[in-house]
Amino acid sequence: MSSISELYDVTWEEMRDKLRKWREENYRNSEQIVDVGEELINEHASKLGDDIWIIYEQVMIAALDCSRDDLAWSCLQELKRQFPDSHRVKRLAGMRLEALERYEDANKLYDSILQDDPTNTAARKRKISILRAQGKSSEAIRELNEYLEQFVGDQEAWHELSELYINEHDYAKAAFCLEELMMTNPHNHLYCEQYAEVKYTQGGLENLELARKYFAQALKLNNRNMRALFGLYMSASHIAASPKVSAKVKKDNVKYAAWAASQISRAYQMAGRGKKENKCSVKAVEEMLESMQITMS
Amino acid sequence: MSEVELSCLAYAKMYLHASQFPRCSVNGLLLSSSPAGGTICITDCVPLLHSHLSLAPITQLALTQVDVWCSQTQQRIVGYYQANACVSDSSPTPCALKIAEKIFEQCNNAVLLMIDGEKMFPGCRAPPIVMYERKDARWALKDKHTIMLRQWEETCSIVNQLFSSGDQALLVDFDSHLDDITKDWTNQKLNAKIMELVSPANGNV
């Protein structure tokens, strides 16, 4: 079986840089990380210098994701040897226990970290992840809310909480979490778009109008966000079709919907250029836009 | 109690969909190209989402687009499938029941299929699926004997072949299509690959 470097014609430096990119941008492409990382560790460990420790950590977590306990164990051993009393390494040991579904043992480990250092956010978040893995959503939600009272700036936690609320169909609370995220990340089009989706799901004229506004905002921030474009089309169409709106509101929304529809058609035409297989979806979109138009008038 | 036949193509794509997103709940629609009445033949499926399954806009959009595509290709939507992120829990979620209800409004022998994650490992003898049908105003478990998977062994080997050749990465769901609209959610390329692997002796598999 040929190596990654042979297969993709890359040097060890390029492999190391790729790992760094994936680390910094928080990618979860675990199989790739395992392939690249394992080879880097086995063939080029001596060249990596101090980078090797963070690579061991990254590869270990990816290995757990791929059920490669052999690889995870060997990475963990190297880290334990180098950093014998580290809480960070202890947390990795806990994650391995979680991967083996030994949740009680994992919890004991995290509790011992928290006894030593009650402000250790990583251990607290792992405990919440265990609740999630066990399907204990309401407890996870409660713990996460308590956590956020103390660590109100933790974006990752706010996002996790919004996901939990969405799964529980508690859209009002999910919207609240997304509002927090939009406040601290005003340029993030994804949060705007997710917020709009939640509002749309809640339904009712007021929420639809908010949804439309936030879909539009998401598009302003990223004019290639197709979900936002479709969302804008659908919310404007629904508002225009509502018997409760004034003639002016109806007219405005018909305009917004028409604009969105033309953008959608344009995007699909550009995407479909030269590709035979895309004719299916292009046609489907055209017909869909047409069918939705009928319900609007 | 009507019989349901699940084709290799439909099964393979559902399985691939669930495998592509092991940490997410995934869902999709079950299609039939056979006329209504008698045995329900699930001949194909369209993988839909792997995030925010319960949010309305994208689901509505996907349902409308698949509907339109079905009328263009003489297919009908006859069911819904879902695989929960939490492997130990394969019971239908409120969102699954809601969508299944909608499909039932148009198709009176619609099925709801939940993928049982715990049975998705190589060498598992039983198909990792649990099917529900509409009975007495609720969704009840379907009798296993009314569910047919033709050439089960061959279907399993086809799925394995797709994994070993790396072709499982060809699968595009509606979510991925929205991330990059040049990707084809009808999966023509993957369909062709799967049909190549299905032996010609199988006729309507």
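**Exercise 1.** In this predicted model, how many salt bridges does the rule find across the interface of chain B and chain A? Which side chains meet in one of them, at 2.9 Å?

*Solution.* Step 1: apply the cut-off, a side-chain nitrogen of Lys or Arg within 4 Å of a carboxyl oxygen of Asp or Glu. Step 2: count across the interface of chain B and chain A; the rule finds three salt bridges. Step 3: take one pair, the side chains of A:Asp65 and B:Arg23, with N to O at 2.9 Å. This distance is within the cut-off of 4 Å, so the pair qualifies.

**Exercise 2.** Describe the side of chain B that touches chain A by its elements and residue classes.

*Solution.* Step 1: the rule finds nine residue pairs in polar contact across the interface of chain B and chain A. Step 2: on chain B, two or more residues each come from α2 (56–72), α3 (94–106) and α5 (174–179). Step 3: α2(B) gives the most, ten residues. Step 4: by class, this side of chain B has 13 nonpolar, ten polar and five charged residues.

**Exercise 3.** State the extent of the interface and find which three residues of chain B supply 21% of the area that chain B buries against chain A.

*Solution.* Step 1: count residues in contact; chain B has 28 and chain A has 34. Step 2: take the buried area, about 2,800 Å², with 62% from carbon and sulfur atoms. Step 3: B:Arg23, B:His52 and B:Ile181 supply 21% of the area that chain B buries, more than any other three residues. B:Arg23 is also the salt-bridge partner of A:Asp65.

Key:
Residues numbered from 1 in each chain as written. Chains lettered and ligands numbered in written order. Predicted model: local features only at pLDDT ≥ 70, side-chain atom pairs only at ≥ 80, totals over all residues. Heavy atoms only, no water. Contact = heavy atoms within 4.5 Å. Buried area = accessible area lost by both parts, 1.4 Å probe. Polar contact = N/O pair within 3.5 Å; in protein donor to acceptor, adjacent residues only side chain to side chain. Helix = DSSP H or I, 4+ residues; strand = E, 2+ residues; numbered from the N terminus. Nonpolar A, V, L, I, M, F, W, Y, C, P; charged D, E, K, R; others polar.
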